[in-house]
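Subject: Structure handover

Hello,

Here is the structure I promised to pass on. Please open it alongside this message; my notes follow below.

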Amino acid sequence: MTLSEQLTYATVLITSQDKGNVISSGTGFIVAICEDHTNDTHIPILVTNKHVVENSIRAEITFCCSDADNNPIDTEKVSTIVERNEWVFHPEANIDLCCVPIARHIQSLEKKGKKPFYAYLSKTLIPNETEKTDFTAVEEVYMAGYPVGISDIHNNKPIVRRGITATHPNKDYQGEKKFLVDMACFPGSSGSPIVIMNQGAYSTPRGVTVGTRIHLLGVLCAGPQYSASGVLSFASVPTVPHPITPIPINLGIAIKAEKILDFEKCF
């Protein structure tokens, strides 16, 4: 499986329902934490933004199906329900991240004869301090998600978008563990993984390197919008489009992926 295919199979649609029966959509992706390579074990968690699910009473997570040989059947899908009290919120109140361990849900589906297929992003894809020294101020990045709920429904696949880092990924934007991306960010993209993905060659401060690399750089959470009245504001990327006139300026705010590792303390 190619790097880009792994990204699409690790990304899933989250459809939430609140107390007023309003349906909204967002994006989540699967990460393996607490990895024990000696015993070949890990905890798979589904990561998204708090604001995607915090007002919901339940959320539906959709996977594609797997055949008996563990190959994906893209045109068939299976869903599981995550209740509100299952979500684990990031221990820092100002970090817009939450997660849910999905092993129990996967096992429950398998017992019903509905085997889901998914890929996961290893926590080793989160860049360490040494790997960060290879980053330049402008890196090409990709984001997989469900903008305004759009996806390839027939093949059960997210939409992949491409952009660049708008602030240096090694710098903490406004003193927080965040960075900006120059990319179109619309409702439904909340919780989307943002990755550096180079295949063939890439630039570093030391010159051009031949090879392939992938790094989980961050999680989209918000974006600046310019209103028709001329007011610039920064707000969480909503999960439901509203009939008002905020105009996205094709910038997004992402939480640095290293904050995902804080969930290891919770399990």
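This is a predicted model: local features need pLDDT of at least 70, side-chain atom pairs count only at pLDDT 80 or more; totals for chains, interfaces and linings use all residues.

In soluble globular proteins, nonpolar side chains tend to be buried together.

Leaving out residues up to four places away in sequence, Ile45 touches Phe29, Ile30, Val31, Ile33, Cys99, Val100, Pro101, Ile260, Phe263 and Phe267.

Now the overall picture. The protein chain has 4 helices and 17 strands. Its radius of gyration is 18 Å, close to the 18 Å that the globule rule gives for 267 residues, so the chain is as compact as a globular protein of that length. The C-alpha trace spans about 50 × 50 × 35 Å along its principal axes. Of the 267 residues, 48% count as buried. Take the contacts between residues at least 6 apart in sequence: 66% of them join residues at least 24 apart.

On the surface and the charges:

- The accessible surface of the protein chain is about 12,600 Å², and carbon and sulfur atoms account for 51% of that.
- There are 23 positive and 28 negative side chains. The centres of the two sets lie 4 Å apart.

A few single residues deserve a look.

Is Thr204 buried or exposed? Its relative accessibility is 8%, under the 20% cut-off, so Thr204 counts as buried. Thr204 lies in strand β13, which covers residues 193-204. Setting aside neighbours within four places in sequence, Thr204 is in contact with Asp134, Thr136 and Thr209.

Next, the backbone. Cys34 has a positive phi of about 50°, although it is not a glycine. Cys34 sits in strand β2. Its relative accessible area is 26%, which makes Cys34 partly exposed.

Gln174 is also not a glycine, and it has a positive phi of about 55°. Gln174 is in the loop between β11 (159-165) and β12 (178-182). With a relative accessible area of 64%, Gln174 is exposed.

Last, Asn70. Where is Asn70 placed? Look in the loop between β4 (56-66) and β5 (72-83). Asn70 is partly exposed, at 41% relative accessible area. Which residues does Asn70 touch, beyond those up to four places away in sequence? They are Lys115 and Phe117. Asn70 and Lys115 are 45 residues apart in sequence, yet their C-alpha atoms are 8.5 Å apart in space.

Then go to Thr204 in β13. Finish at the loop that holds Asn70.

Best wishes

Conventions. Residues are numbered from 1 along each chain as its sequence is written. Side-chain values use heavy atoms; hydrogens and water are left out. Helices (H or I, at least four residues) and strands (E, at least two) are DSSP runs, numbered from the N terminus. The radius of gyration is taken over C-alpha atoms; the globule rule is 2.2 Å times the number of residues to the power 0.38. Buried means under 20% relative accessible area, exposed over 50%, partly exposed in between (1.4 Å probe, protein chains only). Contact means heavy atoms within 4.5 Å. Accessible areas come from the Shrake-Rupley method with a 1.4 Å probe; for residues, only the protein chains shown count as cover. Lys and Arg count as positive and Asp and Glu as negative; His and the chain ends are not counted. The place of a charge is taken as NZ of Lys, CZ of Arg, CG of Asp or CD of Glu.
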